Amino acid sequence: MDTGKKLTRLTVTLYWGCIVFGLTLPGIVMIVHDAYRRHGGFVEAWQDFRLHLFAPGYNLFLIGALNALPFVLLAIFILFHLGTATAKEPVIVSRRLAGVAGALAVAVGLSTWAHLATTLHPDAQGALVYFFLPVYLLGLIPLGYGCRRLIGTIATRTPAAKG
Amino acid sequence: MTQKYIWLNLGGLIALLGLLGLFYWQSTGARAVPAMTDALKDPDSKVRVAAAQMLAEIGPAAKPAVPGLLNQALHDPNQYAGTTAAGALQKIDLAAARQVMAASLPALHDADVQARRNACAMMGSLGPVAKPAVPALVAALDDTSETVRMVAVGALGEIGIPATLVIPALVKALRDPAQTVRHRAVSQFAFSIPPSDAVVPHLKQLLEDKDRSVASLAKSALNSPHRQAKDRTAAYVTMLQMGNANDYTLRQLAQFGPEAAGTVPAVIPVLKHERPLNRYLAAEVLGAIGPGAREAVPALTAALQDEDAIVRESTAEALRAIGTTDAPPVTAAPK
């Protein structure tokens, strides 16, 4: 498989992976937590999850949608940013990949930590994190991208590189 | 990656979001009623509880689910599923809620303690719609069972009206020999029922209660910064004017009675609210205010034609309390 095809495959995988991860992370955390801490069975935990998707006071669908918002924006960015890169310019590709990796690390890390913390330590005000998390992510994802890209740029600095 | 391929993936995302939106639309509002009605028959009580809660959220549009909710409220072996269904009925169909009340009233005199306790809990879950059950609940405060008295206190707090009966009964419960009953009674004044000046001396006595949690709650009730009606009504008027009428706000205003006279202009539009519970409570507020709500007479007269029999009944009572001769006799609603 040539580099161009590999890049295309990687871009599409990251794009859809990012969307699916954003949508499903809150549900996965809740189901796994329910299965291990309360019920001991994934089937019952899944049924509980489905039951509360739209239930007042739970609205797990809304939580998933809120969490997905920054991930969807990041996915669109990845699609255009990596999708328009050409394999003929490996330095630029590697720098962009480095930036995307930084953005993904921040998005996945912060989101996973926030959902785990909220689920493991439930609190009356804890649910506020579901509203603030997307805002924080939208601010921190570009920061993660910038930092990692800077590192990538320094690492790949050559006289010929202009990206 | 070609431009066409990029846009194809973007199109896929739009299609996915569209499908999710469709799923949300199908699963919420009146469209969810058939599925929720089916869920009321589920063998798992958790499913029945969640279905009743969702139907309550949907409100009057969930009317097709009333027979299922009635059945659950009256016959479900799981008490929580029953009270949740009753709670949903008060938001959907007041007459059906009154049916549950009428069916549960005899159990308040049952020989079995558990039956009396469950009946009290059922009345509480019906909220202000169970107003006609208040005298029976007041009588339940003399029950020999501490548990029944405690649940009766909670039910009186949840019904909340008429304040002229509920508040003296809760004051009486503040002196109950059982700590659990006193705790439940003082909680009502600390969290849901604004303690009037007449209640203050009784709360002050509880500051010396041998149970520290009761004394602490009494202190909370007394220290409430917005204990006075005048302090609260301004905020409630703002809420009503913004269209945020909810049963809690209206019930509190009904508890203030004549002191809430300044809210009449804001309460009048609620007589046309889409939710029968809010229309009912608006009539209750105006009735509790009494002669001070005279400017509401034309709106109340129009409300005598309300589609809901319980609202009509409450409206006629309000007109009588205001002291107008415009209140015609109305068909008695089920009691």
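**Domains of chain B**

I began with the spacing: the C-alpha centres of domain 1 and domain 2 of chain B lie 25 Å apart. I am working from a predicted model. I checked the bounds next. The domain assignment puts domain 1 of chain B at 129-227 and domain 2 of chain B at 230-322. I then looked at how the two touch. Domain 1 of chain B gives eight residues to the contact, and domain 2 of chain B gives ten residues. I sorted the domain 1 side by class. It has six nonpolar residues, two polar and no charged ones.

**Chain B against chain A**

I turned to the partner chain. Here 14 residues of chain B are in contact with 15 residues of chain A. I asked which helices of chain B each supply at least two residues of that side. They are α1 (3-27) and α3 (45-58) of chain B. By class, I noted eight nonpolar, four polar and two charged residues on the side of chain B that touches chain A.

**B:Val134**

B:Val134 sits in helix α8 of chain B, residues 134-140. Is B:Val134 buried or exposed? I counted 21 other C-beta atoms within 10 Å, and the cut-off for buried is 20 or more, so B:Val134 is buried. I listed its contacts, leaving aside neighbours within four places in sequence. They are B:Leu156, B:Ile159, B:Pro162, B:Leu165 and B:Val166. I also took one distance: B:Val134 and B:Lys91 are 43 residues apart in sequence and 19 Å apart in space, C-alpha to C-alpha.

**Helices α9 and α11 of chain B**

I wanted the packing of this pair. The axes of α9 (residues 146-159) and α11 (residues 179-192) of chain B come within 8 Å and cross at roughly 10°. Angles under 35 degrees count as roughly parallel, so α9(B) is roughly parallel to α11(B). I wrote down who touches whom. From α9(B) the contact includes B:Arg149, B:Met150 and B:Val153. From α11(B) it includes B:Val181, B:Arg184 and B:Gln188. The residues of this contact divide into four nonpolar, five polar and three charged.

Then I looked for its buried residues. Among them are B:Arg182, B:Arg184, B:Ser187, B:Gln188 and B:Phe189. What covers the buried residues of α11(B)? The cover includes α9, α10 (163-173), α12 (200-206) and α13 (212-223) of chain B.

Conventions:
Residues are numbered from 1 along each chain as its sequence is written. Chains are lettered from A and ligands numbered from 1 in the order in which they are written. This is a predicted model: local features need pLDDT of at least 70, side-chain atom pairs count only at pLDDT 80 or more; totals for chains, interfaces and linings use all residues. Domain bounds come from an automatic or database domain assignment. Two residues are in contact if their C-beta atoms, placed from the backbone, lie within 7 Å. Ala, Val, Leu, Ile, Met, Phe, Trp, Tyr, Cys and Pro count as nonpolar, Asp, Glu, Lys and Arg as charged, and the others, Gly among them, as polar. Helices (H or I, at least four residues) and strands (E, at least two) are DSSP runs, numbered from the N terminus. A residue is buried if 20 or more other C-beta atoms lie within 10 Å of its own, exposed if 12 or fewer, and partly exposed in between; C-beta atoms are placed from the backbone. Axes are lines fitted to C-alpha atoms, for helices over the stretch in contact, and angles run from 0 to 180 degrees between N-to-C directions. Angles under 35 degrees count as roughly parallel, over 145 as roughly antiparallel, 65 to 115 as roughly perpendicular and the rest as oblique.
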